[in-house]
Amino acid sequence: MAWKTSSLMQMCRFLLLVILFLPREMTSSVLTVNGKTENYILDTEPGLQESLRCAVQNHTREEELLWYRENGKVDLKSGNKINSSSVCVSSISENDNGISFTCRLQRNQSMSISVVLNVTFPPILSGNDFQTAEEGSDVKLVCNVKSNPQAHMMWYKNSSILNLEKNHHQIQQTSEYLQLSITKVKKSDNGTYSCMASSLLEKRTKDFHLIVKDKSTTVPIEPIIAACVVVFLTLLFGLIARRKRLMKLCIKDKNPQSRTAL
């Protein structure tokens, strides 16, 4: 019994030594970006500069790191690749909203961490300021918008909330624009239309000026063309008929002379 206990103790000691002296390469490495071990969203604003530092934790050998902006590889200096690597995102703009930066382990690119930029900014409005239309035609006023967070939008006319008329006004809105369609514009549709965008950051307005002109009198081209064709054909047939009569007269004149000569 004592022999069995001694053997068991020796086996336990052996297993403990094996665990203690296992190659350290078996220890799993961990990637971090700015101290975080999982994908995350970075809140920022236009004009700021953000630094992203990727590092390998628990590494037992030199590890090369790669950076990607969306699907494009970022060029790194030779001293900014091994075990830790940093990228600087400078002069952040509204266009950087939603852009992702990903750090990957070169020898095992399935090991990665991504950072998505959340750039907050007030509404930016654009569109065709002036529009002229003939009475009775259809008009579309398109107010383009960029905003984060998304803005609540409304149409105003001459500084008052636009009174929508059935079968005359139609509004269509997406995250990128607010469109006002006016069917068969009237003189009363003349005026200044304002696109107002309100977000948690700010409220902004853009004016659109609509000028409705009198309906111009158009010359009916098709009937004129048809009349010209009829006149041309009439003259043509008249000339052909006249030519035939002249030819008959000439033939009659020649016949008597030929008989007299005989």
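This note covers the nonpolar cores and the disulfides of the structure.

1. Basis. The model is predicted, with local features taken at pLDDT of at least 70, side-chain atom pairs counted only at pLDDT 80 or more, and totals for chains, interfaces and linings using all residues. Residues are numbered from 1 along each chain as its sequence is written, and side-chain values use heavy atoms, with hydrogens and water left out.

2. Largest core. A nonpolar core here is a set of buried Ala, Val, Leu, Ile, Met, Phe, Trp, Tyr and Cys residues joined through side-chain atoms within 4.5 Å. Buried stands for under 20% relative accessible area, exposed for over 50%, and partly exposed for values in between (1.4 Å probe, protein chains only). The largest such core has 22 residues, and L31, V33, L52, C54, L65, W67 and F101 have the most contacts inside it. At least two of its residues come from each of β1 (30-33), β2 (40-44), β3 (50-57), β4 (65-69), β6 (84-89), β7 (100-105) and β8 (108-119). With four residues, β8 gives the most to this core. Strands are DSSP runs (E, at least two residues), numbered from the N terminus.

3. Surroundings of L65. Contact means heavy atoms within 4.5 Å. Neighbours within four places in sequence aside, the residues in contact with L65 include L31, C54, A55, V56, L76 and C103. Also in contact with L65 are K81, N83, S84, S85, R104 and L105.

4. Second core. A separate core has 20 residues, among them V145, A151, L162 and L210.

5. Disulfide count. Taking a disulfide as a pair of cysteine sulfur atoms within 2.5 Å, a search of the whole structure finds two. Counting bonded cysteines along the chain, the pattern is 1-2, 3-4.

6. C54 and C103. These two cysteines are joined by a disulfide with an S to S distance of 2.0 Å. The link of C54 and C103 is left-handed, with -80° about the S-S bond. C54 and C103 are both buried.

7. C143 and C195. The sulfur atoms of this disulfide are 2.2 Å apart. Its link is also left-handed, at -80° about the S-S bond. Because C143 lies in strand β11 (residues 139-148) and C195 in strand β16 (residues 191-198), the pair ties together parts 52 residues apart in sequence. C143 and C195 are both buried.

8. C88. This cysteine is partly exposed, because its relative accessible area is 48%.
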